[in-house]
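Trainee: Please take one part of this model, a contact between charged side chains, and look at it closely for me. After that, I would like to hear how the parts around it are arranged.

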Number of protein chains: 2
Amino acid sequence: MAPTNEYPTLCPKCAGALYVRYDLDALRRTASRDSIDQREHSMWRYRSVLPDVAPVSLGEGWTPMLPSRRHQNLWWKEEGANPTGSFKARGLGLAVTMARHFGVKKMAIPSAGNAAGALSAYCAAADIEAHIFMPKDVPKANLVECTAYGAHVTLVDGLISDCGKIVAARKSDEGWFDVSTLKEPFRVEGKKTMGYELAEQFDWKLPDVVIYPTGGGVGMIGMWNAFEEMEQLGWIHAGKRPRMVAVQSAGCAPIAKAFAEGKSVSEAWQGAMTDASGLRVPKSYGDYIVLDICRASAGTAVAVEESEIFASLADWAQHEGILLSPEGAAATAAYDKLRESGWIASSDRVLIFNTGSGMKYTDVIALHGPALAHP
Amino acid sequence: MAPTNEYPTLCPKCAGALYVRYDLDALRRTASRDSIDQREHSMWRYRSVLPDVAPVSLGEGWTPMLPSRRHQNLWWKEEGANPTGSFKARGLGLAVTMARHFGVKKMAIPSAGNAAGALSAYCAAADIEAHIFMPKDVPKANLVECTAYGAHVTLVDGLISDCGKIVAARKSDEGWFDVSTLKEPFRVEGKKTMGYELAEQFDWKLPDVVIYPTGGGVGMIGMWNAFEEMEQLGWIHAGKRPRMVAVQSAGCAPIAKAFAEGKSVSEAWQGAMTDASGLRVPKSYGDYIVLDICRASAGTAVAVEESEIFASLADWAQHEGILLSPEGAAATAAYDKLRESGWIASSDRVLIFNTGSGMKYTDVIALHGPALAHP
């Protein structure tokens, strides 16, 4: 992407997703691993490989990575420690940073819930109007937070894809900047910091497997871009990337289905239904990229049953002291299955992402109470 | 306190609160500021001034400290980024660490909510039984989290003081270790890490004012102990401590009342009522220590109205992008009042504690919705 005076959106040539690309020759001279700002305990510690603008920061990123107490060689990354309690803070923190830089006044987003909360918070911090479109059955926490941050909230009788259609139809009349997944380059750029962080926290030796709950899949794409960039910059050795595992709910598993069928794109999932609300994405705009990453990395894409998600959530709460989000619990459930099948060996170093705080899901966690009751 | 083979409780001589005291001569040789483990992004970075035992850690502490966007010289410390979403993780993380070390099998706690969540999580991690006694009208998130962690939960038709009586009456029959505020020395010891952190994050030049929402007040006591210890160890200059401000809700303000009346202890508050549930402590066991700190530091103790709390919560959400807990919003409301009265000068460097994540209070925040509605 060439330097620009406007917030870029899609590729002007093919209308596909744009990525941020840096002048790597110049970057190799200025952005060594020593350029990490060790005093900055946010994703802005990697400022040398992020756009050079004044951040709108609420302290996003540089989240804890902790070992499991029971499973050897298993770590989880606690994205719930981010502002607004989810990994969405990284991408939307950077997108709002760039929006302020480019003078955007109004932003709109279709969201399964957590992206809406993050956009609302960063827009409040940057004095930008936020227009939120969420399914009417999002977790209550998402509605409360967006309203509290002063966003304009519309609850839609439908799925995130229906919300996306409304934003697309109204944005030009309303003067909204559409910050939908992969329709602009900076959300994925913010999420790449997860890749940098896991590398630094693993002492620059990437794990063997990364298990990632996948709705839109932007986090996985961002990490993959980070691995590529770090190899180019000489921060990590080339050719030793993790096997990337995309996890979905059996109630909405377009990517897992396409992967199993050997297809390069997914079909829109009919009747999407899961209480892991972040996974309720019937058709991801970046599905083909995620599928490509899963295959290129010798990874996989798996679906777990709703009952397995909430059983794993209870298991981790009661035995590890962690209240996972349902999305995070989909990843732990997938870990159990892949260990049992032997796809993950006991010697494999595995990283699971808990993409959000369980505290934002107290309503659905309470609903699944029986599985959580103490004996 | 002499070395011990058992989890210590109260002072065997006077039945007052015990503090952990180290051999400072020995410590001065081993615990310099250089002894901080810069690679440890939790409170255990201060391991050199904590008990030398294997931690039960979920990544507690080393939380972000961020500047206000609107008020010069104002920072807030985001304790909501802790595991279980509140500062309680520090004290109970250390208490459970010590309990495991001493072989305790069952712990019990009276709690206004967040301490219960933290004890439940750390007990789950340490394989210790947790017995929780909370008022029946705690935020729903507290009930859901404790249940999810597998704790034994009893909801009490009363206040935290009534919960405390139940624990006291049953503990010896049941074999519970009573981890009530200040009835053992390690919760306050864990919370002292807030003092170390703010010092480090302020580059070892303490702020002029610390504003702290005060229920039991253990956090303030812990910080004060940290200042003392750091002076003794030569980590900070002596005699430049912050003015400490205890903030309470007008619906339950025993310490603010005693301060105003020049008394050295508080009276039990009658009819305690506030949606800042952590401040609903009618009589703190450590009230006399808190009052002493407020006075010794040339600080103060103030009460803010319920309406001021929720107006400040809306203000910070809409203009700073932060969803404070109601307790944190009591502190920001107090800041506004003390600035207006001139008690805080514009040149004063001020630190406010947001003791917990607003996401744990979505039910009460929604209740106070009108103040939060977008114009």
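Mentor: The side chains of Asp203(B) and Arg39(A) form a salt bridge, with 3.4 Å from N to O; the term stands for a side-chain nitrogen of Lys or Arg within 4 Å of a carboxyl oxygen of Asp or Glu. The model is predicted, so local features need pLDDT of at least 70 and side-chain atom pairs count only at pLDDT 80 or more, whereas totals for chains, interfaces and linings use all residues. Residues are numbered from 1 along each chain as its sequence is written, chains are lettered from A and ligands numbered from 1 in the order in which they are written, and side-chain values use heavy atoms, without hydrogens and water.

Asp203(B) sits in the loop between helix H6 (186–201) and strand E7 (209–213) of chain B, and Arg39(A) in the loop between helix H1 (24–30) and strand E1 (65–67) of chain A, so the pair joins two chains. Helices (H or I, at least four residues) and strands (E, at least two) are DSSP runs, numbered from the N terminus. Over all chains, the structure holds 46 salt bridges.

The same surface serves both copies, since 100% of the contact residues of chain B recur in chain A, contact meaning heavy atoms within 4.5 Å.

Elsewhere in chain A, Gly216(A) is placed in the loop between strand E7 (209–213) and helix H7 (218–233). Leaving aside neighbours within four places in sequence, Gly216(A) is in contact with Val281(A), Ser284(A) and Val290(A); from Val290(A), Gly216(A) is 74 residues away in sequence and 8.9 Å away in space, C-alpha to C-alpha.
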